[in-house]
Amino acid sequence: MAALLVRLFSKSCRQISRPWAACQAGWRSRSTTPAPDMASDHPAGLVFPPLQTYSEEESMMREAVKKYAQERIAPVVSKMDENSAMDEEVLKSLFEQGLMGIEIEPEYNGTGSTFFSSILVIEELAKVDPSVAVLCDIQNTLINTLFVKLGTAAQKEQYLSRLSTDMIGSFCLSEAESGSDAFSLKTRAEKHKDYYIINGSKMWISNAEHAGVFLVMANVDPSAGYRGITCFIVDRDTEGLEICKKENKLGLRASSTCPLNFDNVKVPEKNILGQVGHGYKYAIGMLNEGRIGIAAQMLGLAQGCFDHTIPYTRQRVQFGKRIFDFQGMQHQIAHVATQIEAGRLLTYNAARLKEAGRPFIKEACMAKYFTAEVATLTTSKCIEWMGGVGFTKDYPIEKYYRDCKIGTIYEGTTNVQLSTIAKFIDKEYDH
Amino acid sequence: MSGRVLVGVKRVIDYAVKIRVKPDNSSVVTDGVKHSMNPFCEIAVEEAVKMKEKKLIKEVVAVSCGPQQAQETIRTALAMGADRGIHVEVTGKDYETLGPLQISKIMAALAKKEEAQLIILGKQAIDDDCNQTGQMTAALLDWPQGTFASEVSLEGDKIKVVREVDGGLETIKINVPAVITADLRLNTPRYATLPNIMKAKKKKIANMKPADLGVDITSRLEVLRVDEPPQRQAGVKVETVEDLVSKLKEAGLV
């Protein structure tokens with residue numbers, strides 16, 4: 001029995017160490033020069049660095065985005081929230097900074113960096129404004145990835161350079177009657193010779209107000225059920241595509257969320273992304289990765305809110321001492337900080353697992369579910385710690401509180417995440 | 001002028017950090033403290049990169065002196081558009097006593113070695129506020145200097161520099177090669193965009209020691225003590241002018 005345990009243990013150990021080495025090799029092969037700073041951060045010979053270990057490139061990116069977000073986005077956050085509108089300057093500067101094509105190759109004007117860099121960027125943006133972060137997240141983890149992975153040479157040629165330079169994309173899956181039950185979508189695409197006619201409507205489509213291209217999931221063959229779902233590339237100015245008035249939302253107000261109507265929208269066959277009838281696969285696949293992006297957004301949101309609150313608790317004096325110094329406060333603050341840290345490690349680990357080409361879906365679900373909960377807890381507590389001022393719009397805290405709620409709802413509700421995690425657990429105990 | 005510009009960049013404690021003095025009053029705490037490029041050095045890099053974009057100069061070389069971490073500062077300059085970097089390695093005690101005199105000797109040696117036509121530096125560093133390196137470098141090289149520059153324009157083989165001085169603005173014309181030090185209003189430094197950060201990884205940073213340049217970096221200065229500024233004392237409110245005058249008399253001020 002002991003021998004069996006030892007064998008299992010050493011086997012899993014070897015499995016852990018090999019992929020890590022492959023991981024590092026993967027990093028090295030990505031950049032043209034080796035990343036020596038990984039090793040230089042730690043005492044010689046440390047093969048398993050902590051999760052919060054970044055390559056020099058990742059550190060520089062994070063610093064650059066932090067500075068940019070503080071200087072260019074922070075001043076307009078309140079206004080964008082008030083007016084429920086994304087500032088045009090912010091949109092432009094996001095492209096200028098290379099934040100909208102992080103994983104796109106330089107030959108398409110992209111930044112040519114890695115998934116983990118995207119995660120760090122989204123986290124830093126979310127600390128300042130979760131609405132801007134979600135725009136960046138959808139572009140990078142959903143739209144760009146779909147084009148990069150599935151696009152034909154012609155499609156990449158036509159769209160990737162635009163996506164990294166000046167065009168925003170929208171991912172259109174949900175409908176009024178199909179949210180979590182995504183595959184029961186009703187939008188129909190009828191084949192005629194070499195084109196399709198799309199009819200139907202979509203709901204809750206982020207970025208729609210500014211998007212130049214829409215990735216629309218429509219069913220070409222309802223009798224085949226979800227196996228008829230196909231991904232179509234629809235340009236904004238296509239006749240019959242109507243972008244309706246954006247929703248008046250509780251939070252993430254600067255991010256436009258619109259219903260779309262498709263009235264005999266004609267889409268050529270060459271605008272199919274990937275294969276006919278494989279849309280459901282692509283949707284699931286992309287949402288698995290997008291999940292980690294949302295986790296990063298919730299993480300940044302929680303951290304940003306926390307960072308605004310703690311200085312106040314260190315300043316505010318009641319009963320002769322800082323409110324931070326009351327044990328009751330300290331315990332609450334420490335608890336929240338621990339939850340944020342745990343959320344960060346889940347997120348970073350899921351991202352590194354994905355980069356290493358290892359299974360990551362369960363971990364991604366855990367990261368998204370957990371960080372959304374942490375964001376809710378953190379923002380709620382932060383308002384309490386700030387007292388009366390936390391309740392006013394003069395301070396940024398209440399905005400974080402409103403913004404966080406969608407985290408447990410979009411890109412897979414918490415219930416869906418939990419069910420998915422349970423499915424994986426069930427399988428793990430199969431042998 | 002189609003030559004090479006050297007830009008000095010210094011790694012300093014970030015301007016937003018609250019400085020603390022070590023308990024033994026020997027220096028300020030630097031361990032674990034956030035560092036970044038001196039803001040005036042950023043302005044210097046920006047000016048050099050702008051000149052290159054206007055095709056007035058051919059190459060921008062970023063130089064920094066210090067320990068391994070100085071390379072981060074050089075990388076930031078590369079991400080802003082510098083072509084390559086030179087890291088002059090100085091560590092330990094030598095680094096603690098490194099000051100304008102040694103830096104200017106290094107810059108002068110590098111200027112000769114690299115056949116530079118222009119050296120652009122920040123007017124001063126925000127940690128020591130010396131405001132000496134540019135001037136000393138020019139003297140060592142026997143080059144003209146345009147310090148506190150708020151505007152720089154190349155006119156043939158001369159440079160027109162508008163300097164910010166106490167009385168206002170002074171415009172001078174100096175020959176090339178020359179040393180310029182950047183003041184606050186010279187330009188607004190660009191952000192390092194993510195694509196440029198990626199490109200910076202491929203740019204080269206050469207490594208060398210002061211001895212390789214024949215420079216002696218022993219310091220002529222010894223820091224005796226570092227103290228925090230005295231705590232601001234609370235003021236006193238007075239009701240009438242008579243009270244004010246009597247308080248001033250008490251304090252021996254009138």
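**Close-up views of a two-chain predicted model**

**View 1. The contact between chain A and chain B takes 24 residues from chain A and 14 residues from chain B.** The model is predicted. Together the two chains bury about 1,600 Å². Carbon and sulfur atoms carry 63% of that area. The rule finds 4 salt bridges across the interface of chain A and chain B. It also finds 4 residue pairs in polar contact there, with both residues at pLDDT 80 or more. On the side of chain A that touches chain B, helix H3 (residues 56–73) gives the most, with 11 residues. By class, that side of chain A divides into 8 nonpolar, 9 polar and 7 charged residues.

**View 2. A:Glu56 forms a salt bridge with B:Arg75.** The closest N and O atoms of the pair are 3.3 Å apart. Over all chains, a search of the whole structure finds 43 salt bridges. A:Glu56 lies in helix H3 of chain A and B:Arg75 in helix H2 (residues 70–80) of chain B, so this pair joins two chains.

**View 3. The second largest pocket has a volume of about 1,400 Å³.** Its lining consists of 44 residues. Nearest the centre of the pocket lie A:Ser174, A:Ile409, A:Tyr410, A:Glu411 and A:Gly412. Several elements of chain A give two or more residues each to the lining. The helices are H7 (130–150), H9 (279–315), H12 (397–404) and H13 (414–428). Strand S3 (195–206) also belongs to this set. The lining residues of the pocket divide into 21 nonpolar, 12 polar and 11 charged.

**View 4. The second largest cavity holds about 30 Å³ of space.** A search of the whole structure finds 2 cavities of 30 Å³ or more. The second largest cavity is lined by A:Met86, A:Leu135, A:Asn207, A:Glu209, A:His210, A:Ala254, A:Ser255 and A:Ser256. By class, this lining has 3 nonpolar, 4 polar and 1 charged residues. A:Met86, A:Leu135 and A:Ala254 are the nonpolar members. A:Glu209 is the charged one.

Terms used: Residues are numbered from 1 along each chain as its sequence is written. Chains are lettered from A and ligands numbered from 1 in the order in which they are written. This is a predicted model: local features need pLDDT of at least 70, side-chain atom pairs count only at pLDDT 80 or more; totals for chains, interfaces and linings use all residues. Side-chain values use heavy atoms; hydrogens and water are left out. On a 1 Å grid over the protein atoms alone, a cavity is a set of points where a 1.4 Å probe fits but cannot get out, and a pocket is an open set with protein on both sides within 12 Å along at least five of seven lines; lining residues have an atom within 4 Å of a point. Grid points are joined across faces, edges and corners, and a volume is the space filled by probe spheres set on the points. Helices (H or I, at least four residues) and strands (E, at least two) are DSSP runs, numbered from the N terminus. Contact means heavy atoms within 4.5 Å. Buried area is the accessible area (1.4 Å probe) that two parts lose on being put together, summed over both. A salt bridge is a side-chain nitrogen of Lys or Arg within 4 Å of a carboxyl oxygen of Asp or Glu. A polar contact is a pair of N or O atoms within 3.5 Å; within protein, one must be able to donate a hydrogen and the other to accept it, and residues adjacent in sequence count only if both atoms are side-chain atoms.
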